[in-house]
Number of protein chains: 2
Amino acid sequence: MTILCPLPAGFQTAATACGVKNAGSDKLDLALFVSDRPATAAGVFTTNLVCGAPVKVSRERLPRPTARAVVINSGNSNACTGDQGLADARAMTERVAKHLGCAGEDVLVCSTGVIGRPLPMDRLNKGIDVAAPKLSSSAEDFLRAAQAMMTTDTVSKQAHRLVMVGGKSVHVSGVCKGAAMIAPNMATMLGVIMTDARLTTDDAARILRAAVADSFNCISVDGHESTSDSVILLANGAAGVEPEHFGDRQAFEQAVTEVAAELAQAIIRDAEGASHFVTIDVQGARSREEAHRIAKSVADSPLVKTAICGADPNWGRIVSAVGYAGIPMREEDISLTVNGISLYERGQPVPFDEKAASTSMRSRREVDIVLTLTLGEASIRYWTSDLTKEYVELNADYTT
Amino acid sequence: MTILCPLPAGFQTAATACGVKNAGSDKLDLALFVSDRPATAAGVFTTNLVCGAPVKVSRERLPRPTARAVVINSGNSNACTGDQGLADARAMTERVAKHLGCAGEDVLVCSTGVIGRPLPMDRLNKGIDVAAPKLSSSAEDFLRAAQAMMTTDTVSKQAHRLVMVGGKSVHVSGVCKGAAMIAPNMATMLGVIMTDARLTTDDAARILRAAVADSFNCISVDGHESTSDSVILLANGAAGVEPEHFGDRQAFEQAVTEVAAELAQAIIRDAEGASHFVTIDVQGARSREEAHRIAKSVADSPLVKTAICGADPNWGRIVSAVGYAGIPMREEDISLTVNGISLYERGQPVPFDEKAASTSMRSRREVDIVLTLTLGEASIRYWTSDLTKEYVELNADYTT
C-alpha cells in the first residue's frame, strides 16, 4: 500500500531515469520540483567544510524571493569535484531555467551519490530535457520525484499537513531522502518542503531554521556528517494568504515543523541495517544546546547502539555517555528510564527486572530513553537507530 | 611463546583468583603492584564526569611522594555504586596497607568490570590476604599480575625499556589492560608504569601527563569514554639516580613515552573484533590540539571504520570526517594518502588504481592514513581499529 501525498497549489514535479545511477538503467535519478510562480525560498545546509558543489551554488542563492525550482539528481553527489563541479552544478540550474523561462539563479540544485567523480552532464542534460515537459501536479508524479531522490533508501519519504491560515487552507508538503552513508555512495539527507502560503524571505528563513533545529538536526544514524545535506523551503503564495496573526503563525510553523520531524523520523526508520527506532528525551538540562550535546553523545555511542541492538538494558553505557558529553554535572543529577522502566535514579542504580526490560526492548522496534537531569528546564527530543551487523555489512562489504 | 618483562628494582607483584569475575572460578582477578620503599606517584584519570569510586579515591591521593602500592581488581568496576562504593575502594587500600605496614593513603586502587554492582568485599579481602604474602619480583609473577587485570582482553599487555641515566641503568616497566568496552562489563583501560629512577612529584606528574598525551590519549576503539580509565606512575628511586641532566631527562622521558605508546598500541591491536590496526598521521595542522581533533574525528567515524574493515579505499569518508572536525580550513588544504597511495591532493581527487589500493588494505593488518594539511607545523600520530561484524556481535549479543 502506498499512501499518496498531495502537492500544494501551484507546484509541479517531474522525474526521469537519465542514467546517472547506472548508464542505461531505468532507475529514477532526476527530480524537478517547480513552482508556477516566483516563490520565497530558504535553505539550511551541511556545516561540513568539505561540501558538494550543489551546496555551494544553492547556498549563495538563498534566501531569495523569486525561486522557481529545485533540481535534484541521485547517483552522483558532485562533491570534491573542483571547479568543474561548480560549473556543472550551475549548468544544471541554467538548463532547468531555460525550460521554465526564468533566471538560472532562480533554480536551486542538490546532488547525492558517489563522491569525487564528474557528473555525466550529457545524460543529465538529456534527463532535464525529458523531465521538464512532463511537469505535473499529480500525487503520483510527486511520489516518482520522491523515488528519484533515493540512494540507499528502501522507502520513499513524504509528509503533508493541511493547516487553516486566515480562513483558508494551506498545504505544507515535504519530501526527503536519507538512510546514512553507504559505500560507494556518499549518501546524505536532502529535503524539499513546499507550501502555498505566502512568506517573506525573513520568515521563510526563520521558520525553516526552527523546523530543522527540531527535526533534521535531532537525528543521527552514524554521527558522520555528509558533504551534501540540504533542506530547501519553497513558499509560493498560491493559497493567497500569509500567516500574519499570532494564531495563524503558530499553526503554520507547527505544520512545517511536523512535516520536517515526520521526514526526519522516516530517515531513522529507514536507517541502514537498523533494528530499533530510538527516541532519546533529555529533560531538565540548563539549555537546549546542552540537552542536544547530551542526546547526541548517547545517540552516537557505538556501545549504546549495540546494546540496543542486543535488547540489553545496559544503563551503564547510557549514563557514561552522558558523563563524557562535556556538560558540567554530578552523577546525582542524572536519572534514566528505558521503555518506562527506571534504571538509574539521582546517581544510584535502581534494582529492576532485567529480563522484563530486555523483553520490552526485544519485542518492539521502538526504544524510548528518557534522561531526566536536575540542571534546569530545557529539553530536547532526539532520534537515532541501533548499530547492527547489517550496518557493518552494508558499509564494509563493498569492494572496489 | 610468551615474552617476559622484567620489573624495575625494588618492585614486587602478586596475583590471585578471588572470585570477583565468577565466584569459585580460578580466573585471576586481583593484582598487587608494590614498591619496597616509598615511591613518587602520579596519575592520569578518565575525564568522564561519571567515574568509578576507585578513580575518585586514587585521584585525591595523587600526586604524592610516599606511595607504596596499587591494588587492582577485574570483574567489577565499582562504578555508579554510591557511598558504599567509596567505602569499599578505601577499604581495599586499607587492607593492603595493613599487610605492607604503611598508611592507607599510600595505596592506590583501580577496578574494572561490571558497573553498578557492589564489590564482593569478603572475597576481595580474602584475595588480598592470599596475595600479599606471595609478593615476588619475578617476571613470571609480573605476567600473572598483568593477566589478573584482563577483562575482555585476549592477550596480556606489558612493555619495558632500559635506559642509561647518570651512568646507571634504569628500568621502566609498564602493564595495562583494555580492549574497548563490552557487555555486561564496563571495560576500560588501566595502566601501571613502574620505574626505579628517582623523580620529584612534579616531574612524575609532568612526565606521565606528557607520555599519556602521546599514547593513551591518542587511541580510540569506539569513542566511548570509560568511567574507570586510570594510568598510574610509580618511581621508587631504587636505581639510585634521578634524571637531572638534559640528556638523561630526555632519554628517560622518551623511555616512559615509548612504554606508554607500546601499551596503548597493544590495546588497539587487541581491540574487540578488529581486523585492522590503523595509524592516522595528521601533519601540517595549526596546533597539536587541532591535529588531535581531526585524527579523532576520522578515527571515530563508523563509516571510515567499516570502509577499512571492507578494504575499501573510500577516501570521501576520510576527507568528509576531516570536514566536520570543527577545524577551520578549505578543501584545498587537505591531502590524503592511504598505505602510501595518494588519493586526494590539495582538494582534488587523484586518479588511482582502486584494485591495488584495496588489495594493499586487504593483504595486511596495518592501514596507514596520512593527512597532510597546509595550516601549520603541528602533527600527531593516532591509533584506532576498524569496525567489524564481530564488534557488533561482541557488544550486542549479550542478553540479560
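Trainee: What percentage of the interface residues of chain A are also interface residues in chain B?

Mentor: The figure is 100%, so the copies meet through the same surface. This is a predicted model, in which local features need pLDDT of at least 70 and side-chain atom pairs count only at pLDDT 80 or more, while totals for chains, interfaces and linings use all residues. Residues are numbered from 1 along each chain as its sequence is written, and chains are lettered from A and ligands numbered from 1 in the order in which they are written.

Trainee: How many residues of each chain are in contact?

Mentor: Two residues are in contact if their C-beta atoms, placed from the backbone, lie within 7 Å. By this criterion, 54 residues of chain A meet 54 residues of chain B. At least two residues each of the side of chain A that touches chain B come from α8 (302–309), α9 (315–323), β14 (348–349), α10 (354–362) and α11 (389–396) of chain A. Of that side, α9(A) gives the most, with 6 residues. These elements are DSSP runs numbered from the N terminus: helices are H or I with at least four residues, strands E with at least two.

Trainee: What is the make-up of that side of chain A by class?

Mentor: Ala, Val, Leu, Ile, Met, Phe, Trp, Tyr, Cys and Pro count as nonpolar, Asp, Glu, Lys and Arg as charged, and the others, Gly among them, as polar. The side of chain A that touches chain B then has 24 nonpolar, 21 polar and 9 charged residues.

Trainee: At what angle do α11(A) and α11(B) pack?

Mentor: Axes are lines fitted to C-alpha atoms, for helices over the stretch in contact, and angles run from 0 to 180 degrees between N-to-C directions. Here the angle is about 170°, and the axes are 8 Å apart. With angles under 35 degrees counted as roughly parallel, over 145 as roughly antiparallel, 65 to 115 as roughly perpendicular and the rest as oblique, α11(A) and α11(B) are therefore roughly antiparallel. The contact involves A:Lys389, A:Val392 and A:Glu393 on one helix and B:Lys389, B:Val392 and B:Glu393 on the other.

Trainee: Into which domains is chain A divided?

Mentor: Domain bounds come from an automatic or database domain assignment. Chain A has domain 1 (11–269) and domain 2 (277–396), whose C-alpha centres lie 32 Å apart. Their contact takes 11 residues from domain 1 and 12 residues from domain 2.

Trainee: Is A:Val192 buried or exposed?

Mentor: Burial is judged from other C-beta atoms, placed from the backbone, within 10 Å of the residue's own: 20 or more is buried, 12 or fewer exposed, and in between partly exposed. A:Val192, in strand β8 of chain A, has 27 and is therefore buried. Not counting residues up to four places away in sequence, A:Val192 touches A:Phe33, A:Val70, A:Gly174, A:Val175 and A:Ile232.

Trainee: Where is A:Arg198 found?

Mentor: A:Arg198 is in the loop between β8 (190–195) and α5 (201–213) of chain A. With 22 C-beta neighbours inside 10 Å, A:Arg198 counts as buried.
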